[in-house]
Amino acid sequence: MSSASEPPSIGKPFLLDEQTMVVEASGELDLAVTPQLRDALDEAERHRPEVLRVEASAVGFIDSTALGVLLAAAHRAAEHGGRLQFVCGSPAIRRVLEMTMIDRTIEVLP
Amino acid sequence: MRTPTASPKTDLELVEDFQRRGDESAREALITRHSRLAQAIARRYARRGLAYDDVLQSGYLGLVLAVDRYDPSRGVPLERYAARTIEGEIMHLFRDRGWAVRVPRSLQELSRRVSSAREQLAHQLGHSPTSEELATALDVSCDMVEEAIQAQRAYRSEPFPEPGDDEAGRSSTLAACDEAGFDVAEDRDLLDRLLARLAPRERRILELRYYHDQTQSEIAESLGISQMHVSRLLRASLDELRMAMRGAA
């Protein structure tokens with residue numbers, strides 16, 4: 001699957017503004033990139049941002065392990081009064097987030 | 001032959017459409033089709049003290065996991081596999097929220113008795129005792145023994161081997177891991193369930209690496225992917241198992 005199309009990548013977290021940390025992701029988020037995603041989110045969380053934003057406009061597919069990682073990060077963010085935003089470019093991903101009610105915990109942005 | 005107006009696709013056909021052809025509408029159809037299963041299981045667990053919506057969310061996550069990872073060649077219907085992964089995710093949630101801490105004292109006590117009885121019986125019988133044997137020895141029901149074992153697992157955390165980075169090193173096998181202190185009889189079952197969380201190809205890679213002792217290059221060749229990719233998937237799979245294991249059964 002991942003050998004075709006564009007290779008998945010997770011960017012280094014960066015500070016967008018006073019309260020927003022951004023993690024950029026692209027390609028297919030599957031088990032092979034889940035550890036990098038988890039690490040990037042961990043690193044971003046250490047700054048205790050008000051908003052932790054996953055910029056995933058260029059993500060075409062997200063598997064269950066990556067969903068689990070996002071959900072866990074959202075729960076941890078909530079414990080510190082923060083929230084997780086997911087910038088979603090794929091209608092299919094958006095539908096899965098809705099179907100699984102994950103969009104109640106994660107703020108899904110267009 | 002099937003006509004275009006024939007009945008809706010079977011689970012197997014949809015799984016094939018999604019897993020082999022990347023058809024995401026097939027994935028969605030499967031999630032929708034089995035969402036009531038997630039709801040039914042979530043309702044059962046929600047009575048134990050967490051909000052239904054939270055439990056259901058975990059249940060749905062388990063359902064997506066089932067759809068992503070289901071391997072038809074194992075001969076288990078998707079529905080049954082999904083029931084397990086849904087329960088697994090829900091149990092995970094309960095543990096995350098400190099459910100393990102609230103294991104009833106009587107159950108904790110029984111867990112300890114089961115542990116020592118197991119050692120003793122293993123010595124007497126010359127094999128790892130079954131739940132029935134444990135139940136008889138402790139004069140409790142088999143269900144209670146099972147529950148005590150489950151409770152125990154919630155506290156467990158066992159190391160997994162690091163993937164062998166060197167091509168020559170054929171040493172770090174899961175079998176070696178057994179010798180290194182795994183309670184084999186019990187943890188086989190646990191390991192099986194953890195492995196079921198992985199996609200067929202990832203499971204296959206672990207199998208080739210650790211049971212058939214193939215090098216990463218050999219595996220890469222037989223699967224038609226790069227050695228780098230094998231290495232990445234091995235590491236990711238082991239990380240995944242480790243995380244699941246840390247959360248326990």
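Q: Which residues of H2(A) are buried?
A: First, the term. A residue is buried if 20 or more other C-beta atoms lie within 10 Å of its own, exposed if 12 or fewer, and partly exposed in between, with C-beta atoms placed from the backbone. In H2(A), the buried residues are Ser64(A), Thr65(A), Ala66(A), Leu67(A), Gly68(A), Val69(A), Leu70(A), Leu71(A), Ala73(A), Ala74(A) and Ala77(A). For chain A, 45% of its 110 residues count as buried.

Q: What kind of model is this, and how are residues and chains labelled?
A: This is a predicted model: local features need pLDDT of at least 70, side-chain atom pairs count only at pLDDT 80 or more, and totals for chains, interfaces and linings use all residues. Residues are numbered from 1 along each chain as its sequence is written, while chains are lettered from A and ligands numbered from 1 in the order in which they are written.

Q: What is the mean pLDDT of chain A?
A: pLDDT is the predictor's confidence in each residue, from 0 to 100. Chain A has a mean of 89, and 93% of its residues reach 70 or more.

Q: How many helices and strands does chain A have?
A: Helices (H or I, at least four residues) and strands (E, at least two) are DSSP runs, numbered from the N terminus. Chain A has three helices and six strands. Their order from the N terminus is β-β-β-α-β-α-β-α-β.

Q: How many residues does H2(A) have, and what is its reach?
A: The expected span of a helix is 1.5 Å times one less than its number of residues. H2(A) has 16 residues and reaches 23 Å from its first C-alpha to its last, close to the expected 22 Å. After H2(A) comes Gly81(A), with a positive phi near 75 degrees.

Q: At what angle do H2(A) and H4(B) pack?
A: Axes are lines fitted to C-alpha atoms, for helices over the stretch in contact, and angles run from 0 to 180 degrees between N-to-C directions. H2(A), residues 64-79, packs with H4(B) at about 155 degrees, their axes 8 Å apart. Angles under 35 degrees count as roughly parallel, over 145 as roughly antiparallel, 65 to 115 as roughly perpendicular and the rest as oblique. The two helices, H2(A) and H4(B), are therefore roughly antiparallel.

Q: Which residues of H2(A) and H4(B) meet?
A: Two residues are in contact if their C-beta atoms, placed from the backbone, lie within 7 Å. From H2(A) come Ser64(A), Leu67(A), Gly68(A) and Leu71(A); from H4(B) come Leu61(B), Val64(B), Leu65(B) and Asp68(B).
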